[in-house]
Every structure is written in C-alpha cells, then in structure tokens.
Amino acid sequence: MRMVRSIFFLTCLFASRLLFSQSLHFETFNTRNGLSSNEITCVYEDHQHFLWVGTRDGLNRFDGRRFETFRNLPNDTNSLSGNLIVDIVQDEQGIFWIATKDGGLTRYDENAESSKQFRQFKSNPKKHNSIATNRLNCLLNWDSTYLVIGAESVPGIFLNKKTFEITYWNFDLLHFNPYKGAPVALGQMNWIHHLVEVEGQVYFSILTGSKIYRVDKSTGRIEDLRTTPEISSSIPDFFVSNNKIWMAGWNPGLYVQDNHPEAEQQKIGGINDLLMCLTDYNQLYLLAGTRGSGLFRVNKNNGTITQYKRRVGDPSSLPSNKVSCVFKDSRDIIWVGTAAGLAKYDAKTWLFSESEFTDAQTDLTILHTHRFKDGSVAVNTSQGMFLSDTYEYLYDQLNFRNRNRDINPDYLCQMSGDTFLLGTEIGFYKWVKGSKQLRELPINELTSTRESFYAISVYQVKDILPDTVNGNPGYWMAVLGYGISFYSTEEKKLYPFHNDKSNSKSIGSNLSHLLVKDKIGNLWIATSYGLYLRKKDTPLTENTFTRFINEPENPLSLPGNDITGIWCDPSNHIWFSVSGRGLCEYDGVKFHLYAPDNTVSSLRFMGLHADHRQRLWIITKNGLEVFDLTQKKFFHLDVNDGSVNTLLGGQFSNETDGKVSFAAGNTLFTFTPDVMKFDSDYPNVYLASMNVLGKDYLHAALQGTVNLSPREKYINFSVSALQYTAPQTVRFQYRLKGMEEGWNNSADGEIKYTNLPSGNFKLLVRVTNPSGHYGGEKELAVFHIATPFYYTWWFILSVIALISAITFAGYRYRLQQLMKLQAIRNKIARDLHDDIGSTLGSISFLSEAAKLQIEQQNSRGAEKLLLKIGENSREMVENMSDIVWSVNPKNDTVRFLIDRMNVFAGDLVASSGIQLHFHSDKGVEHLKLSMEQRKNFFLIFKETVYNSVKYSDCTTLTIEMKKNTRSFMMMIRDNGKGFDVNNYVSKNGNGIVNMKVRAEEVNAQFDIQSSSKGTVSTLTAFL
C-alpha cells in the first residue's frame, strides 16, 4: 500500500511538473491601449462577437484592435448611469443592459439615434416606481419580457423590458417568478450574488447562508441545493458543468458538489487564497482567479493545479496577481481581468512551444540548431553549444577548446550512434554527444597535413552532407570563404574546391552556405554569389561546376545571387530562397520566382523546410512564410505573438519525430509542421466612425445613404476589423466607388478624403486574414454630396436664359440707340436741309430783288436787300456751327456746354451794357450729356438769353448751373420788364411751347416765370 501511494505521489509530482512547465503566455491591454481603467470588473461577448470590458471607471467595447469607451456624463441622461460596471447582458432584441455599482441600471440601444441610445434606471426616493437601489450585483436575461437583477439590500429585482415596470422578489423560497413580482421591495439584508442559466434552469447564490438555489423557469419552483454550509457565509461566483457545481467562497479554496439537493461539498486543495472568479475552461480544466495569488488552472478529474502569476520583467505573464474575472469567448480565447489590465491568452497565437536555453542577457549569435532522435536539441551559438534534455526544459552549456583556441560549434551531422561530425567556425571535428571534448580527424597529405589544417585560423563549416563520390564515401562541406570541400573517410583526404580565376568552370564563389543533392545524385551549392551544380560523375580531381548567376539584362537568368536556403522536391525541381527577392523554383529549364503579395511579409528569406503536406516553411526577417506548393500561394505566420519575428536564426533544424526547431534570441521554438493549420477566415470589417467637418455621421451611415451639402466634401472615415487572433496582421485597402478604380492602403484603418466632387459614392473596404491575404470588398458607407446650385441644370438653364435675355435686351437697346441716333441724324439732316435750303432760297430771292433794284438804280432798296442777305447768311452759319458743335463727341460734358454758353452770352451782351453773371456748382462740369441733350439745352439757352437781351430792357442777366443727386438745373434770370408768358412768341415764332417740347425730348422740364420785376427761366434735366 505504501508503495502504491509512493507511485501515486511520484506520478502526481511528475504530472505537476508537466503542468507547471506548460506556461500560458498572456498579452496585456491597459489604459495605454485605450482602456478606460486598468481595474477590470467583468468581460462579456455580444451577439456580433465584440468584447465588452467593464471597469471601475467606464465600459469599453473591444474588437481586438481598438477600444471604444462609454462613461457616465454628469447631467446627461443619454450616457451610462454609472461608471463602476459589474455586469453586462444583451437580450434577444440586441439591447444591452449594463449593471453598475454606483448608478443603477442602463439600457443601451446601439441602433437607435445617437441622441436616444441610453436610458437610465436610477434609485430616486421621491419616485416610488424607481429602482430600489443603485448598487447592483448581476444580471440575467430571463426571457423576451423580463430582466432579473441582483442587487445589494434587495433580494431580487424584476424589470419588464417592454413597459419598464419594476417589481421585486422578496425572498420567497418557494417560488421565483418575474411574472408574479411584488410592487414594493421589502428591506432585507440578504441578496443575490450571482445568476446563471443552464439548460432552462436558473441558478443563483445569495449573500448569507452559503446557499445555491435552482429555479425551474417553467414553474418558478425553487430547490435548495445545499443545506450543510461548509464554504463560508457567501458564494460570490460559481458555474455548473457536467452535473457538478464549482464554487468560490469567502473562505480560501475551491469547492465542488454534485448538482442535486443534499449534495456533499468537497474542497480542492492547493489554493490557499480567496477565489474571486471561476470559469469552465474545457472538459478537463477550469480556471480560478484569486485575490492575490494569480490564476489557477485546475484539473477537474484529479485536482492537480497549475499556477500562473505575474513575473517581473516578463511581459507575457499576468499583469497582476489580483484577478477579478475570467472569461472564455466563442473563439476559446481566455480573457483575465486584473487590477492592472486585461490579459488575453489565445492558443492560436502561441502555436510554437518555447524553451529558453540561456538567460536573456547573454549576447550571442545563433549558428544552427540540431534535433537528436531522443528529442533533445543542440543550439549551436557563438557562445558554445546549448544541449537540452529530452523535454527541452533544461540546458547544459558546452564550451569547446582545441589547441588553446575557443571553438564555436556550427553544424552537426550524424556519423554513427552518438558520434557526430561537428562543423565549427575553425574546422571540423568528431564529437560524441554530451562530451565537452573534440577529436581531430586524420587528414593525409593531398592538400595539407592534419597539423597544418588544424592550425588554419578560419575554416567555417556551414553545412555537411554525407555522400559517396567516385566510390569514395565521405562528407561534402560548405566552407564559408573556402568554397566547398570533400572529406574522404577512407583516404583520410580533404579535396578542396575554390574559385579559380584561371578556370572558368571552377566554382564561382567561395562564400558557400548550403548543400543539397537532387534525385539524380548531383550536388547543388548555395552561395552568396549564385547557385552552382556539380554533376555526380565529376572526378574528385576536377574543379568543374555549372554556374547559375543573375544577369540583369537577361530575364531568364537567376533572379538573385544571395541564395539563403535550398531544397529538392520529389520531381527533382530545385527550390531556393533568394534574399530580397523571394522563393525561386528551377525546373531544369527556367526559373520561376514567387513572392508574397501582402504588406506584412519580408522578402529577406532565409532557411527552408519542407513538411509532408506539400508546404515549404521559410524563415524571414518578419516571422515565417509558408508556401503551398499545390496552390503556389503564401501564408504569413507570426512566431507566437510576433515579438521575436525579427530575431529569428537563419535555418531550421533537421526534422525528428515530426518536430522541427529554430531559435530566436535566447529561446528555442519547436513545432510540428504537419499538424499546423492556418486561419484563412477573414475578419468582419466595419465602419467605426464617419466625420465630416467635425460632425459625426456614423449613425446616419449605418442607417443608409448619407446626404451631404456641397461644402461637406472633407470626410474622415475610421474602419476596423473584429480580429482577436493576431490583430497586428490586419491591413486594410479601400476605394471610393464612383471615383476610384485602384485600391489604397491603410495599416491603421484611417481613411481621409479632401475636396471631393459632387456625386454618389460608396466606400468599399477589404481586409487581410491572419495569413496576409486580402478578402472580398465590403460596402461600409454610401453617401451623396449635393451639387452646388450653380452646377444644377435649372440654374444653368436660368443663367443661359438670363444671358440670352440680357443679350437680347442689349441688342434691343443698341438697336434703339442706333435708331435714336439715326433719328437724330435724320433730324439734323432735315434741320440742315430746312435751314440751309430756306436760307439759300431767301438769299437767292433777295439777290434777284437786289439785282433788280440796282438795274432800277434804287440804291437804297438794294442796300436793304443786301443787308438782309448778309443777316441770313450769318444766321445760317451760326446754326450750322451749333449743329456741328452738338454732334462732336468731344463736347459731351457740361464744361464744354458752359464754355459755349459763356462765349455766346458774352458776345451778345458786349455792346448792350448788360451785366452778365455766370455761376456753376462744383462737379457740374463733369456731368456727361448726350448729343441731343447738348443741342436742345444750348438752343433753349440761346433763345432764352437772346430774348432777355433784346426785349426785356434788363440791366443784369444771371445764369446758374446747379446739380443734386438726381437732377441738373439751368436757371436764367433777368431784371427786365417782363412779359405775358401766355402771349409770347419767339423770334422764330415758336414761343414757349417749342422750348418745352425741346426739353421733353431729352427727359427734361422747362418752366418760365415773368413779372414786372423780371423773368426766370428754369430747365431741369433728370439724371
């Protein structure tokens, strides 16, 4: 019996070691990532698989990349009711219900108008129908009508989600039915701590009595599942799984009982701290968070535990040992809420097992990794060999010396059993696994003696390949700086092959890295300057190779010269990686180059490994690329969380028992390529914001087409994707349908457009999956930018019509002006014809009469007739002068009119003794007059002045020119004897009527007033 116990103890101890060695790696999110607070209180996954994170200072929605924060805003009912979040639930209608410890309950409808999304339920002593308390504990969505609420100081609360009526369960231990709730809460200290529903039955724990009750939802009947309290006075958290109830209590430890009344409780040992939370992990394990001891994984079958705690300096450990909640989402990702942030464990992220072979402070270079058949691993570095045990948990550092020199191991090739040929940085040696001693190999004189060979300062053996050449068994070696060599184990000779400039068929580069044999037996050598082929039947004495190098002018040549990895497939095609170019295939005729088409991959390709599923694994300077040989397609893969992507060593190890290793930094990574699968699902991409000139249009965009004004042409979009596994690999491409054909790139999901034209647009976005490939496009926003009114058809037609009307009006005006001008010309012609014709006619008549008088020798009569002829001639000349002056466009201002009036009046009064006074206001001179105005004004002036001088017997004649904003006035005043204006006849016999007609012709008025004190004539022209 004692032996059995000892065996059982050793078995448990061994199992415990295994469990503790399998460390969980966590990624931490805190306020630096956008969380509203580092103190996490609860985690919930909604129907669309977004994660909701409650904290002591606000609520956060998380999509794996960004947090959207909700908080209580003072005096704003359209916000959370409180900030200390304790529970969240989403009902059948998609409505969120948020319980707080400081503000009661909040109803949140994300599909409603932004101004009507929140409804608060707070305790108000002045309102009898308000919720009884603001300090809530938990929530349960009972059905489409009722929400059940656990709260402090109130046994239970029922909320009708349709009418918002609140009723209460007052600790009736026989029935629990929301449809029969009491209208008033009875004051009792006992209350509901935790609520869960399992297969149509509701379970809840209460504050005191260490009780868990089970409710049949169909009847409301309550069963007491434990009558013998053994935990403590309270059960803050529990879950039901496989007909068992696992409980956390206010006493240290984990407790379990069967799911039926009168069940006996049992305590699971090993956890000496208060449990704060529990969750079911899988069929085998549960997870338990503690008040100060971190997280425990518990085997539900045998009770073995694994503890995960915060490790100072380790960013992949828990951020705090104070765990407040644990949640497993639909993707099997574990979320751990702590006092210092939210921790995530995603098994899909940590695909490679890790083991540290030295401390992080050791500065070294990884040279190569070798896996032994027993499962142990040798990591060859610049600081010696690190040799692991079978499980890769413990490492011994082996430092080699020979001939007083430190020797750094490079490549291992098995000779027999535990004996290996070890290539180093200064030669090759025989080594027995585990030994710290190296043995020199005998080398007969062909190229050097053993003594001289092992005295060589540098002989870096980078690869070793067993082969038999011309009947000689031995090993090919790639020697960096010395080309390649063959060591014959029978002859004990070393056959070197270097670049020989005198031999065009020699190997073209001494910087050789890797060796591979094809299916025919030919040897292929990868170097820093090209690829070389040595045919199998080439004699050992010949330095003869076929060269493949890059020729820039030849597109059919080798794509690049720096060959970093090489492999021969079953079809005898040679595959090799070319640094900076990608992956290349040589089919015996031509080269085919393949490169990843995503933005996260690096083209600095290094080592290759082929698995048994037609895939090539490639180490790069940004993680791994996996090339599917059947699809000719790349898949990108980060190494766990991607933190070591750029530190990877250059080559994979050999494969043993399906496992392959590679190193990065101070860590060895091991995986089984054949069982690895790639997540090719595309994340759900969605519109996170739409902002136009500072105005939020997100809600409008989610509802349909957004109509924007012509000035709203500067738009900022933010898009995101629901991706929790490797969210850092997500990349976006976008375009505006209706304006762009090609795709634009966005690494962070921010999209900006400026000065967009008018029209209809659709924002199309596509996103990468974790393998780095872009999926199909998704329409995220539809919007219309209105056309400015001056570009609308009706405005353009109106403008055309207006221009046409103006053009026609201008044409008509011009035509009228021309007609008016022609009328003036006709009138002038008539005037000239009448004046000149009548005057010449009278002169002709008078001349004949004068001739007759002369013939009759009547000198007096003849003299009178000649005087009359002269008078008529002068009058005709004067009239013609007036017409010519009025027609001349140089005289179009009042200044020239005033000058002519001055001359005329001055000449007229010169011999009469009449005093002439001529006055004009400032600015009058600059007024412009038409030809007709000049003519008529001057003729009216002449006749008025002439009549005053000839007939009024005046001694003073005053002429005034005045101007205001709307008219121009000419006033002629004398101090003569006056006359009867009603019986006046001018010297031409036309009188005042004629002058008034002349005035009206030019839009003016003529008025004359006369008395015994003088006469005043006024001409007013309207401007």
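Me: Which residues of α6 meet α7?
Reply: L897, R900, M901, F904, A905, L908 and V909 in α6 meet R934, F937, F938, F941, K942, V945, Y946 and V949 in α7. Contact here means heavy atoms within 4.5 Å.

Me: What kind of model is this, and how are residues numbered?
Reply: It's a predicted model: local features need pLDDT of at least 70, side-chain atom pairs count only at pLDDT 80 or more, and totals for chains, interfaces and linings use all residues. Residues are numbered from 1 along each chain as its sequence is written, and side-chain values use heavy atoms, with hydrogens and water left out.

Me: Back to α6 and α7, at what angle do they pack?
Reply: About 20°, with the axes 11 Å apart; axes are lines fitted to C-alpha atoms, for helices over the stretch in contact, and angles run from 0 to 180 degrees between N-to-C directions. α6 covers residues 894-909 and α7 covers 931-951. The two helices are therefore roughly parallel to each other (under 35 degrees; over 145 is roughly antiparallel, 65 to 115 roughly perpendicular, the rest oblique).

Me: How many helices and strands does the protein chain have?
Reply: Eight helices and 71 strands, counted as DSSP runs (H or I, at least four residues, for helices; E, at least two, for strands).

Me: What's the radius of gyration of the protein chain?
Reply: 55 Å, while a compact globule of 1023 residues would have one near 31 Å. That's taken over C-alpha atoms, with a globule rule of 2.2 Å times the number of residues to the power 0.38. Along the principal axes, the C-alpha atoms fill a box of roughly 185 × 105 × 45 Å.

Me: New topic. What's the strand order in the sheet with β1?
Reply: β1-β28-β27-β26, an open sheet of four strands with antiparallel pairing (two strands pair if DSSP finds at least two bridges between them). β1 (27-29) and β26 (323-328) are the edge strands, each pairing on one side only. From one strand to the next, the twist averages 20°.

Me: How many bridges join β26 to β27?
Reply: Five, and the strands run antiparallel; β27 is residues 334-338. C325 stands opposite G337 in β27.

Me: And the sheet with β52, which strands are its edges?
Reply: β52 (605-610) and β55 (633-637). The order is β52-β53-β54-β55, open and antiparallel, with neighbouring strands turned by 25° against each other on average, direction ignored.

Me: In β54, what's the bridge partner of R615?
Reply: D628. Six bridges join β53 (residues 615-620) to β54 (residues 623-628), and these two run antiparallel.
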